[in-house]
Amino acid sequence: MARPPRPERKQELLEQILEYLLDSTLADLTFRRLAEGLGISSYVLVYHFGNRDQLVGEIIRGIAQRFQSIEADGIPRTGRADLVAWARRAFELSLDHRGRHLQRLEFEASVQDVVAENPRRAGVDAYEHWRAFLAGWLVSQGVPAAQAASIARTYVGAIMGLLYDFVITGERRAVLESFDLIAEAFVQQLSAPARSAAS
């Protein structure tokens, strides 16, 4: 009877795989090439990850884990300024060399899903997670649910566009300046009903 995979070894391998992929693409990913790049047997990869689709799914989940530390710090439930500061910290996690390439891989996997027979949906799930979070926060601030959903889609879509901008240009400072403009517009939009109600 085969021993079950050790979760800690699988996580170690996943970290090594993510580092390896910083200079590669998912399209070129094969167990043999990956095993050679990591200096291990392809059997080790099959043992821990099953097949290629399962491996890619684990890679995408591993990429999404980069936000765990900031989510663990607690997502602000009140206060626009606190939310914007928290969102900027989360956004900055993708704005270094490693973050740029991890985001590139996440986009690549998401685009492949569009034509996949059995989409993994990891990119969609991550996108919907952020949209649901922001919509929920807006509802907690008194914004009607339908309006909150539209606002969340607008701003999360804009932020994803900035991440794409950074992936293709690498211009960190310009992307952060644009993030600040989007954040300012978000705060002004939420403040506008309060100002008009007071008039």
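Before looking for pockets I set down the term: on a 1 Å grid over the protein atoms alone, a pocket is an open set of points where a 1.4 Å probe fits, with protein on both sides within 12 Å along at least five of seven lines, and lining residues have an atom within 4 Å of a point. I worked on a predicted model, in which local features need pLDDT of at least 70 and side-chain atom pairs count only at pLDDT 80 or more, while totals for chains, interfaces and linings use all residues. Residues are numbered from 1 along each chain as its sequence is written, and side-chain values use heavy atoms, with hydrogens and water left out.

I looked up the largest pocket, which has a volume of about 800 Å³, taken as the space filled by probe spheres set on the grid points. Of its 37 lining residues, Ala 126, His 129, Trp 130, Val 156 and Met 160 are the closest to the centre. Helix H8 gives the largest share of this lining, eight residues, a helix being a DSSP run (H or I) of at least four residues. I noted the lining of the largest pocket by class as 24 nonpolar, six polar and seven charged residues.

I then turned to H1 (residues 7-21) and H3 (residues 42-49), which pack at an angle of about 120° with their axes 10 Å apart. H1 is therefore oblique to H3, since angles under 35 degrees count as roughly parallel, over 145 as roughly antiparallel, 65 to 115 as roughly perpendicular and the rest as oblique.

Definitions and conventions:
Axes fitted to C-alpha atoms, helices over the stretch in contact; angles between N-to-C directions. Helix = DSSP H or I, 4+ residues; strand = E, 2+ residues; numbered from the N terminus. Nonpolar A, V, L, I, M, F, W, Y, C, P; charged D, E, K, R; others polar.
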